[in-house]
Amino acid sequence: MSRRPYQREMTSEWIFRHPRYLRYMTREFSCLFIGAWTLMLVCALARLSEGPEAWAAFLEGLKSPEVVVFHVVALAFAVYHSVTWFNLTPKALPLQMGDEFVPDGAISGAHFAAWGVVSLVLLYLAGAF
Amino acid sequence: MGERTIDLEVLRYNPETDSEPHFQRYSVPCREEWVVLDALNHVKEAIDPTLSYRWSCHMAVCGSCGMMINGEPKLACKAFVRDYEGIIRVEPLAHFPVERDLVTVIDDFMDKLKRVRPYIIPRQVKAVAHGEHLQTPAELNKFKQYSMCINCMLCYAACPEYGLIPKYIGPAAIALAHRYNQDSRDGGRAQRQEEIAATEGAWECSFVGACSDVCPEHVDPAGAIQQVKIRSTVDWYKEHLMPWLKP
Amino acid sequence: METIQADVAIIGAGGAGLRAAIALAQTDPKLRIALVSKVYPMRSHTCAAEGGAAGVIKSDDSLEHHFNDTVGGGDWLSDQDAVQYLVEEAPKELIQLEHWGCPWSREPNGSVAVRPFGGMKKQRTWFAADKSGFHILHTLFQTSLQFDSIRRFDEFYATELLVDEGRCAGFVAIEMRSGQMRRFDARAVIIAGGGAGRIFPFTTNGAIKTGDGMALAYRAGVPLKDMEFVQYHPTGLPSTGTLLTEACRGEGGVLLNKNGRRFLQDYGMGPETPLGKPVLKTMELGPRDRVSQAFWHEQRKGNAVPTRWGDAMLLDMRHLGEKKINERLPLVRDMSISYMGVDPVTDPVPVRPVVHYMMGGIHTDIKAATPLAGLFAAGECACVSINGANRLGSNSLTELLVFGRRAAMSAMEYVAAGAPAPREAVREALGADAQGRVRDLMQRTGGTETVAGLRKEMTQTMEEHAGIYRSGEGLAAACAKLADLRRRYRAIELHDKTNVYNTDLLQALELGSMLDCAEAVVQSALARKESRGAHQRIDFPARDDAQFLKHSLALWKSNEGPRINYHDVVITKSQPGVRDYSGDHE
């Protein structure tokens with residue numbers, strides 16, 4: 001037979017083939033930071049259960065420059081993840097009202113609004129203002 | 001009005017003469033309003049009749065002419081040369097084996113299309129003599145978007161999951177299954193679930209969303225797949241926590 | 001040569017072919033069905049049809065109205081018993097499609113909606129937005145996937161029918177991907193290969209519409225009927241030739257010349273109807289032949305709109321509003337913007353008549369049977385005749401369904417009646433001969449002609465001499481030219497002599513089909529010394545029922561032009577009258 005279909009190899013360069021793939025990997029990569037932050041939260045709970053001295057030491061440790069940088073980066077990734085997530089939500093949860101569908105902007109907008117409200121409430125409870 | 005000479009860099013492959021694909025460059029005098037397909041046709045007619053590629057309708061409805069144009073999956077009949085500068089690189093659609101030049105082997109796609117049972121499985125058989133099913137515009141809109149797929153496979157070329165995991169059923173096939181699931185005349189969701197809610201089905205998708213980006217018909221297969229995931233999850237919970245409910 | 005056994009083999013997997021396959025599989029699951037197409041089914045040109053499919057369903061309509069519209073629209077060349085069958089079966093087929101999932105557009109109450117269409121007295125065109133053909137094709141293709149008895153052979157190009165003792169015994173085909181030939185041994189064959197619009201340079205038809213199905217039957221001795229009747233669709237894009245559906249006018253779009261005048265009223269289709277309120281069967285809802293001919297006259301008068309692609313007229317849809325256009329004509333809007341840079345919501349779109357459909361084709365009777373035993377045909381490649389001298393828009397998609405099914409039933413009856421099996425030795429010899437002919441073409445050296453060169457000369461000749469208006473002189477020149485091209489075809493040398501997916505070979509074979517079809521068109525046109533429907537002669541401007549109320553039959557002759565015979569038209573209820581598309585008598 002003369003046929004000889006050629007299989008092109010897929011290398012990891014696909015990530016750089018178009019900005020959308022880079023954006024996707026960034027979103028996925030954010031899970032590392034979010035995971036790390038979650039571990040830190042578990043540590044915090046552990047220290048809290050060990051008594052006021054352990055807790056104070058933990059809080060002191062949070063002020064070190066490396067930890068602050070980590071928090072800033074983690075927050076940036078978490079925000080990026082949330083923004084992309086909310087923007088994608090209307091695709092997963094289409095809402096039909098009458099014949100037509102609620103515009104995507106309204107659904108993601110509602111999510112952002114709820115996020116904003118919850119954030120404000122938490123900040124208030126934490127004594128930020 | 002506008003004539004412009006463009007350079008096409010086309011990936012060639014003839015299994016009888018080539019051990020692997022290689023690029024060939026063509027200089028093509030183009031009219032301003034041409035699409036890449038027009039340039040390819042000029043190559044075939046006036047420069048190199050050995051170039052093989054698929055095309056037919058030239059109006060983005062038959063789905064034949066999907067190719068990689070400067071690394072992006074596009075329909076050659078809708079890639080306007082005016083949108084490109086410099087050399088235009090034309091390659092066969094990614095993630096499919098190359099048969100010859102720009103012609104890919106699409107057997108895998110055709111198999112997957114069939115596996116998802118893309119046809120009405122009626123809840124109750126209705127005789128033609130009893131007329132049409134009533135379907136309101138609202139019910140039609142629930143699935144209409146997903147029925148617009150022209151089977152061009154640009155989504156498969158854009159999807160890194162499909163590229164890395166060839167067993168993945170893929171965007172168009174799952175979106176088509178979803179189209180039938182959403183159709184008020186259909187009762188076959190349970191049967192389709194076996195295919196599309198399996199590991200090789202919707203759960204292989206990590207919502208890259210590239211498929212919906214490149215879809216020329218705005219089908220939004222990514223959305224369809226997430227909706228399938230949600231439905232499957234709800235199904236699973238219902239089945240395990242409320243087994244007394246019929247599916 | 002590897003052989004494939006089938007009870008019924010279908011060549012062509014568009015609307016008609018798929019409908020036939022489904023009908024066979026549903027009626028007898030034990031039947032071995034081979035569905036053979038040179039493209040994957042979803043690529044068939046049925047997908048490009050936009051407007052809709054006609055079928056009587058609303059209470060203000062009747063089968064008689066549909067019948068009369070069709071027969072009158074065809075300038076009385078339609079076989080009236082066949083038209084009666086079509087209008088009766090149409091609603092059932094369209095409802096069957098609906099049951100199979102076709103996303104017909106709906107009324108608010110959920111019943112199927114219909115829209116106005118050219119040449120029709122009442123609204124009866126079922127539609128799926130403006131992608132009706134696409135949805136019909138995909139509904140049929142997807143429905144066909146549930147039948148395991150339908151074996152598909154995608155990208156197989158059939159080159160010759162095998163005929164033994166006056167019966168069709170099957171055919172040989174090239175498997176495109178490997179270049180290998182296969183012999184299909186079938187007890188019945190249905191040809192559903194589509195039309196041949198690509199013989200013209202400017203057409204709505206896609207690359208694949210090269211008349212291969214017609215040529216297969218033609219060369220096997222089956223006459224091609226009424227080939228001179230080629231339909232120009234009034235509204236094609238001047239840049240690409242692709243189609244803007246008649247539904248643009250059905251929804252209320254109007255046609256203007258360069259002075260902004262709705263010129264159709266000057267050609268017997270007036271009086272001018274109010275903007276956005278089209279009156280059925282007049283003005284822009286007149287039949288396609290009349291509208292295209294009106295443009296031709298306007299062009300001669302210097303009233304056409306000049307564009308960089310030639311003369312055009314303006315299709316104005318601005319008054320429909322963005323909402324209606326998005327809902328009912330989304331593809332039209334997309335195409336106008338993409339390919340013409342014009343948004344119909346804000347500007348009139350330049351359009352011009354382009355070749356769209358062939359009323360003529362393989363001669364079949366009312367049961368889709370050709371004169372060759374065991375061979376059947378349906379769809380655009382066939383001529384029953386439903387469409388006579390001019391087809392009404394939205395009758396063709398209906399015809400695919402009705403006659404696709406009818407061909408299947410006829411094929412089944414033929415198989416069940418048990419014809420004697422063809423002689424194996426003969427089949428083998430015929431197959432080998434056919435293979436030899438392809439091999440000769442592939443291996444030929446010292447050739448002086450190219451596929452592209454001959455094709456261009458052919459299309460130019462057709463455009464110049466076989467267009468909307470023809471003359472005896474022009475047609476005679478075209479006949480001579482095509483005969484010359486036919487001879488020169490034998491001097492083609494391929495640039496590509498390899499086996500795997502050789503499209504140089506494919507295009508050479510397609511060119512052969514086109515040359516045969518083109519010759520049938522111009523010879524039939526030369527012989528028909530009258531004007532009727534889409535066939536207009538400047539030297540014979542009147543309709544001549546006395547001499548020419550007949551179908552033409554072109555019979556293939558090896559190494560010469562076809563012989564033209566005539567065949568009676570079946571007239572039952574409707575006597576030839578005047579085609580009146582003016583609104584005056586309302």
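Select C:Ser78 and show its neighbours. Leaving out residues up to four places away in sequence, C:Ser78 touches C:Thr70, C:Val71, C:Val83, C:Ser385, C:Ile386, C:Asn387, C:Gly388, C:Val569 and C:Val570. Contact here means heavy atoms within 4.5 Å. C:Ser78 sits in the loop between helix H2 (63-73) and H3 of chain C. Helices (H or I, at least four residues) and strands (E, at least two) are DSSP runs, numbered from the N terminus.

Is C:Ser78 buried or exposed? C:Ser78 is buried, at 0% relative accessibility. Buried means under 20% relative accessible area, exposed means over 50%, and partly exposed lies in between (1.4 Å probe, protein chains only).

Now look at the polar atoms. The side chain of C:Ser78 reaches the backbone oxygen of C:Ile386 at 2.9 Å. A polar atom of that side chain also lies 3.5 Å from the backbone nitrogen of C:Gly388.

A word on the model before moving on. This is a predicted model, where local features need pLDDT of at least 70 and side-chain atom pairs count only at pLDDT 80 or more, while totals for chains, interfaces and linings use all residues. Residues are numbered from 1 along each chain as its sequence is written, chains are lettered from A and ligands numbered from 1 in the order in which they are written, and side-chain values use heavy atoms, with hydrogens and water left out.

**Cis peptide bonds**

Stay with one of the neighbours, C:Ser385. A cis peptide bond joins C:Val384 to C:Ser385, with omega about 20 degrees. C:Ser385 is in the loop between strand S18 (382-383) and helix H10 (395-416) of chain C.

Next, select C:Gly270 and C:Pro271. A cis peptide bond links these residues, and omega is about 0 degrees. C:Pro271 lies in the loop between strand S12 (254-256) and helix H7 (288-300) of chain C.

**Positive phi**

Go to C:Tyr501. Its phi is positive, about 45 degrees, although C:Tyr501 is not a glycine. Find C:Tyr501 in the loop between helix H13 (472-489) and H14 of chain C. C:Tyr501 is buried, with a relative accessible area of 6%.

Jump to chain B and select B:Ala60. Phi of B:Ala60 is near 60 degrees, a positive value in a residue other than glycine. B:Ala60 belongs to the loop between helix H1 (36-47) and strand S3 (66-69) of chain B. B:Ala60 is buried too, with a relative accessible area of 5%.

**Chain B as a whole**

Of the 247 residues in chain B, 64% are buried. Take the contacts in chain B between residues at least 6 apart in sequence: 63% of them join residues at least 24 apart.

**Where chain C meets chain B**

Bring chain C back. The contact takes 65 residues from chain C and 66 residues from chain B. Together the two chains bury about 5400 Å², 55% of it on carbon and sulfur atoms. Buried area is the accessible area (1.4 Å probe) that two parts lose on being put together, summed over both. Select C:Arg43, C:His99 and C:Tyr339: they supply 13% of the area that chain C buries against chain B, more than any other three residues.

How many salt bridges cross the interface of chain C and chain B? The rule finds nine, a salt bridge being a side-chain nitrogen of Lys or Arg within 4 Å of a carboxyl oxygen of Asp or Glu. Select one of them, B:Glu217 with C:Lys131, where the closest N and O atoms are 2.8 Å apart. H4(C) gives the most to the side of chain C that touches chain B, with six residues.

**Cysteines**

Last, select the cysteines. Start with B:Cys30. The closest cysteine sulfur, in B:Cys77, is 15 Å from its sulfur, too far for a bond. B:Cys30 is buried, with a relative accessible area of 1%. Then pick C:Cys517. Its sulfur is 10 Å from the closest cysteine sulfur, in C:Cys381, also too far for a bond. C:Cys517 is buried, at 0% relative accessibility.

Conventions
A disulfide is a pair of cysteine sulfur atoms within 2.5 Å. A polar contact is a pair of N or O atoms within 3.5 Å; within protein, one must be able to donate a hydrogen and the other to accept it, and residues adjacent in sequence count only if both atoms are side-chain atoms.
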